[in-house]
Amino acid sequence: AEQPCWTLEELRDLRRRTRVPLAADESLRQGGDPVAAARAAAGAVDRVVLKVQPLGGTAVALKVAEAA
């Protein structure tokens with residue numbers, strides 16, 4: 001399920017209660033540091049969705065991918 005919750009904390013809680021694969025999208029961008037958010041998402045989601053333009057360009061998207 002892509003972004004079934006708004007925050008990483010909510011995703012982490014949902015992860016503990018379900019086996020459905022989860023993906024983070026908007027929650028990576030809401031804190032202002034998508035690279036740090038991708039690191040924080042470890043264990044909370046199975047996938048991260050990278051949208052180059054909203055993340056701020058190719059260079060940032062690649063950094064997020066490496067952090068995830």
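Predicted model: local features only at pLDDT ≥ 70, side-chain atom pairs only at ≥ 80, totals over all residues.
**View 1. Salt bridges across the whole structure.** Searching the entire structure turns up six salt bridges. Side chains of opposite charge can pair when their charged atoms come close. The views below visit some of these pairs, one at a time.

**View 2. D13 and R17 pair up within helix α1.** The closest N and O atoms of D13 and R17 lie 3.2 Å apart in this salt bridge. Both residues belong to helix α1, which covers residues 8-17, and because they are four residues apart, about one helical turn separates them. D13 is partly exposed, with a relative accessibility of 31%, while R17 is exposed at 61%. Take a look at R16 here as well: D13, R16 and R17 are linked in a network of salt bridges.

**View 3. R15 and D46 meet in a salt bridge.** Here the N to O distance is 2.4 Å. This pair links distant parts of the chain, with R15 in helix α1 and D46 in the loop between α2 (34-40) and β2 (47-48); the two are 31 residues apart. R15 has a relative accessibility of 19%, so it counts as buried, since the cut-off for buried is under 20%.

**View 4. D25 and R29 form a salt bridge.** In this pair, the closest N and O atoms are 3.0 Å apart. Is D25 buried or exposed? D25 is buried, with a relative accessibility of 0%.

Terms used:
Residues numbered from 1 in each chain as written. Heavy atoms only, no water. Salt bridge = Lys/Arg side-chain N within 4 Å of Asp/Glu carboxyl O. Buried < 20%, exposed > 50% of the residue type's maximum accessible area, 1.4 Å probe, protein only.
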